[in-house]
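I want to see who sits beside whom.

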Amino acid sequence: MKQFLKPLAAAAVFAAFAATTTASIADTITEWDLKTVPAEQKAVDDAVTRFKAANSGTDVQSVHTLNDAYKTKLKIAFGAGDPPCVFASWGGGVLHEYVKSGQVVDLTPYLDKNPEFKNKFLAQSWTNVTFDGKIYGVAADNTSIATIFYNKELFAKYNLQPPKTWDDLVNIIKVLKSHNIAPFALANKNKWTGSMYFMTLADRIGGPQPFINAVSRKGSFEDPTFIEAGKRLQELVKMGAFAPGFNGLDYDTGAQRRLLYADKAAMELIGSWEISAFKSENPDFYKKVGTFEFPTVPGGKGDPKDVIGTVGDNFWSISKSCKNPDAAFKLIQTLDDEQSVKDHIATGRVPPIKGARGDEPIVNNLLDEVAQAPSVQLWYDQLLPPQLGELHKDTTQALFGLTMTPEQAAAKMEALAKTELK
């Protein structure tokens with residue numbers, strides 16, 4: 001009898017262990033994001049702590065990863081069929097690929113059941129996460145646009161004013177170079193940093209329509225707008241507008257900002273999220289920072305009030321592999337609750353919540369630019385399908401390196417667009 005009971009007891013223990021393990025897996029939510037500034041990480045971590053306190057028995061495992069490493073990590077996880085439960089993305093073409101492969105939860109029913117939560121967001125924030133009438137993401141934080149940050153003290157020292165025209169900008173470049181100061185800080189190993197110059201130039205030259213036409217296949221990536229943008233970009237390179245070695249410097253390690261902090265560069269074209277990094281890394285430098293819109297280009301059709309960016313800098317989504325999507329949505333609500341909004345605003349990042357304003361003029365000025373912008377163009381590499389987005393970054397980096405002509409870059413983009421944008 002004893003020999004018979006032993007295996008029964010062992011089986012019972014195993015069953016209990018398996019049940020506990022299964023419950024543990026079901027009650028653990030994995031959350032991935034690309035928060036690398038300590039204050040931003042804390043805003044997320046504090047929200048997770050509040051969620052866990054309000055949802056006893058549900059654990060959350062958060063992982064914060066550097067920008068480029070995050071993109072690769074997320075792609076591998078989805079490819080292996082094992083993505084995190086809650087994940088941040090930029091919306092647009094990249095998120096759409098995961099949606100088309102049936103790996104992302106449709107959040108429309110959750111939002112319909114929580115109209116107060118849905119309606120607190122700006123209407124524009126849903127644009128880049130809505131596909132075929134269904135919503136697959138909720139804005140994480142920040143309305144981000146590409147803007148030029150500049151060192152006001154250096155400009156005053158050399159009697160410079162923010163430029164209104166291309167000729168004004170060329171003059172600034174010449175003056176700064178004569179004093180051995182790099183006009184622009186750029187770390188373009190990451191490629192998307194240089195992409196901002198190409199996108200902005202294309203918009204100033206042709207306005208938003210040429211890109212819209214190229215994507216919708218009513219036009220072409222060989223449109224004169226894109227070729228002219230490549231030529232203007234290479235003009236900047238040839239006149240020495242960027243710090244030496246820019247194509248090999250890494251933005252994720254802070255190389256771009258360090259040039260500014262050391263007064264080795266005077267300007268930086270980058271997303272307005274940079275305010276958070278300035279405030280965290282170098283508050284004294286932040287006191288010297290001003291912003292201005294990229295100037296007009298001769299013969300350009302684009303409105304200088306147009307902006308490149310996004311209403312919602314990253315979006316929270318839920319993967320279909322999540323064992324408890326209901327709890328995951330509650331986590332997203334906590335990540336976007338009133339306290340989270342306050343915490344993000346304190347870092348200089350203002351979520352696209354109706355009526356939300358920053359704590360300081362520079363932040364609110366940028367929000368006003370978005371509100372008044374005739375066009376808000378999502379980053380090319382995020383709107384385009386992944387392969388085409390990568391080619392855009394590759395060809396732009398080659399333009400910066402003067403290893404490809406604008407015509408060659410445009411032809412490569414158009415050739416791939418014919419297969420990727422059917």
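This is a predicted model: local features need pLDDT of at least 70, side-chain atom pairs count only at pLDDT 80 or more; totals for chains, interfaces and linings use all residues.

I started with a group: Y110, F117, F121, W126 and F329 form one aromatic cluster.

Next I looked up the overall tally, and the structure holds 29 aromatic pairs. I picked Y197 and F242 from the pairs and found their ring centres 5.2 Å apart. Their planes stand at 90°, which is over the 60 degrees needed, so I wrote the pair down as edge-to-face.

Where do Y197 and F242 lie? I traced Y197 to helix α9 (residues 192-206), and F242 to the loop between α11 (224-238) and α12 (255-261). The two parts are 45 residues apart in sequence, so this pair ties together separate stretches of the chain.

Buried or exposed, I wondered about Y197? Y197 is buried, and its relative accessible area comes out at 0%. F242 is buried as well, at 7%.

Then I turned to two tryptophans, W273 and W379. Their ring centres are 5.7 Å apart and the planes meet at 70°, so this pair is edge-to-face too. I checked the sequence positions: W273 is in the loop between β9 (265-271) and α13 (274-281). W379 is in the loop between β13 (376-377) and α18 (380-383), so I noted a link between distant parts of the chain, 106 residues apart. Both W273 and W379 are buried.

Last entry, charges over rings. I found K73 over the face of W32, 4.5 Å from the ring centre. I also found R257 over the face of Y251, at 5.4 Å from the ring centre.

How values were computed:
Residues are numbered from 1 along each chain as its sequence is written. Side-chain values use heavy atoms; hydrogens and water are left out. Rings of Phe, Tyr and Trp (its six-membered ring) pair if their centres lie within 6.5 Å; planes under 30 degrees apart count as stacked, over 60 as edge-to-face and the rest as tilted. Helices (H or I, at least four residues) and strands (E, at least two) are DSSP runs, numbered from the N terminus. Buried means under 20% relative accessible area, exposed over 50%, partly exposed in between (1.4 Å probe, protein chains only). A charge sits over a ring if NZ of Lys or CZ of Arg is within 6 Å of the ring centre and within 35 degrees of the ring normal.
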